[in-house]
Amino acid sequence: SVTSIGNRAFDGCGGLTSVTIPNSVTSIGDYTFSDCSNLTSITIPNTVTSIGEGAFLGCSGITSINVENGNAKYDSRNDCNAIIETKNNSLIVGCKETSIPNSVTSIGMGAFAGCSGLKSVTIPNSITSISMATFKDCNALTSVTIPNSVTSIGDEAFKGCSSLTLVTIPNSVTSIGNWAFAYCKKLRTLEMLQSLYNKIIKKSEQEVKKLKQEEIEEIVKWHLGCESDVNLIIHK
């Protein structure tokens with residue numbers, strides 16, 4: 001009987017609409033089902049104790065995600081339509097129908113990446129970190145509210161969210177990664193606190209004084225990957 005599904009085993013199988021993972025399986029490899037764009041549902045058996053990086057990346061058709069009861073490593077608490085690592089309360093796989101539970105404290109790398117049907121997302125104030133590429137290429141995402149509980153936003157977190165128009169980065173955020181908002185072509189306004197703005201610049205006070213305001217803004221926009229016409233609103 002099959003105990004593991006290897007890396008990229010079904011990668012890019014656009015014709016795959018459903019899959020039944022047998023109870024003998026304990027591990028699912030990296031990018032195993034990535035870009036299976038017509039896959040509509042996932043059920044993770046209670047025997048699975050390892051899910052690899054990007055296992056369901058770009059599966060934009062998924063509307064139902066369920067982890068069977070009794071799984072020691074993962075869960076789908078509150079019928080959330082997501083896979084959560086139970087021990088550290090990290091959501092690692094989501095879909096356009098996911099409702100992020102209040103008990104989740106972090107959203108994992110690429111959790112919603114390539115989820116082209118995701119139009120809006122409510123991030124609960126239990127979340128403290130948004131990881132690398134979490135919402136990358138969610139090209140239908142028009143709005144996102146980042147709560148005051150979030151302290152870090154990873155590299156490319158919202159890269160390719162081409163429908164986003166406005167983002168307010170809360171005062172709680174102390175670090176934000178490279179190209180977090182790259183290719184967000186409709187993004188016109190980005191608000192942040194002065195202290196975060198200063199951290200992004202990564203220059204001494206003396207160096208900053210020698211720069212023109214437009215040069216400083218150019219540094220910030222380059223770091224975040226923003227379009228040149230984005231209006232930066234900085235709060236003291």
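The legends below describe close-up views of a predicted model.

**View 1. The largest nonpolar core.** This core has 46 residues. Phe112, Phe135, Phe158, Ile169, Phe181, Leu190 and Met192 have the most contacts inside it. Two or more residues each are given to the core by strand S16 (189–193), helix H1 (194–201) and helix H3 (213–224). H1 supplies the largest share, four residues.

**View 2. Surroundings of Ile169.** Ile169 is one of the residues with the most contacts inside the largest nonpolar core. Neighbours within four places in sequence are left aside here; beyond them, Ile169 is in contact with Ile153, Ile176, Phe181, Leu190, Glu191, Met192 and Leu196. Among these partners, Phe181, Leu190 and Met192 are themselves listed with the most contacts inside the core.

View 3. A separate core of 23 residues is shown. Its members include Leu39, Ile42, Ile44 and Cys59.

**View 4. The largest pocket.** The pocket holds about 280 Å³ of space. Its lining consists of 22 residues, and Gly54, Ile92, Val93, Gly110 and Ala111 lie nearest the centre. By class, the lining residues are 14 nonpolar, six polar and two charged.

**View 5. The second largest pocket.** About 230 Å³ of space lies in this pocket. It is lined by 15 residues, of which Leu57, Gly110, Ala113, Ala133 and Lys136 are the closest to its centre. The lining comprises six nonpolar, four polar and five charged residues. Gly110 is also listed among the residues nearest the centre of the largest pocket.

**View 6. The seven-stranded sheet.** Seven strands form an open sheet with mixed pairing, in the order S6-S7-S8-S9-S11-S13-S15. Strand S6 (74–75) and strand S15 (175–176) stand at the edges; each has a single partner strand, so one side of each lacks a neighbour in the sheet.

**View 7. Pairing of S7 with S8.** Strand S7 (residues 83–85) pairs with strand S8 (residues 90–93) in the antiparallel sense, over three bridges. Ile83 stands opposite Val93 in S8. Val93 also belongs to the lining of the largest pocket, where it is listed among the residues nearest the centre.

**View 8. The three-stranded sheet.** An open sheet of three strands has the order S1-S2-S4, with parallel pairing. Strand S1 (4–5) and strand S4 (50–51) are the edge strands, and each pairs on one side only. Strand S2 (residues 27–28) and S4 are joined in the parallel sense over two bridges. Within this pair, Ser27 stands opposite Ser50 in S4.

Notes: Residues are numbered from 1 along each chain as its sequence is written. This is a predicted model: local features need pLDDT of at least 70, side-chain atom pairs count only at pLDDT 80 or more; totals for chains, interfaces and linings use all residues. Side-chain values use heavy atoms; hydrogens and water are left out. A nonpolar core is a set of buried Ala, Val, Leu, Ile, Met, Phe, Trp, Tyr and Cys residues joined through side-chain atoms within 4.5 Å. Buried means under 20% relative accessible area, exposed over 50%, partly exposed in between (1.4 Å probe, protein chains only). Contact means heavy atoms within 4.5 Å. On a 1 Å grid over the protein atoms alone, a cavity is a set of points where a 1.4 Å probe fits but cannot get out, and a pocket is an open set with protein on both sides within 12 Å along at least five of seven lines; lining residues have an atom within 4 Å of a point. Grid points are joined across faces, edges and corners, and a volume is the space filled by probe spheres set on the points. Ala, Val, Leu, Ile, Met, Phe, Trp, Tyr, Cys and Pro count as nonpolar, Asp, Glu, Lys and Arg as charged, and the others, Gly among them, as polar. Two strands pair if DSSP finds at least two bridges between them.
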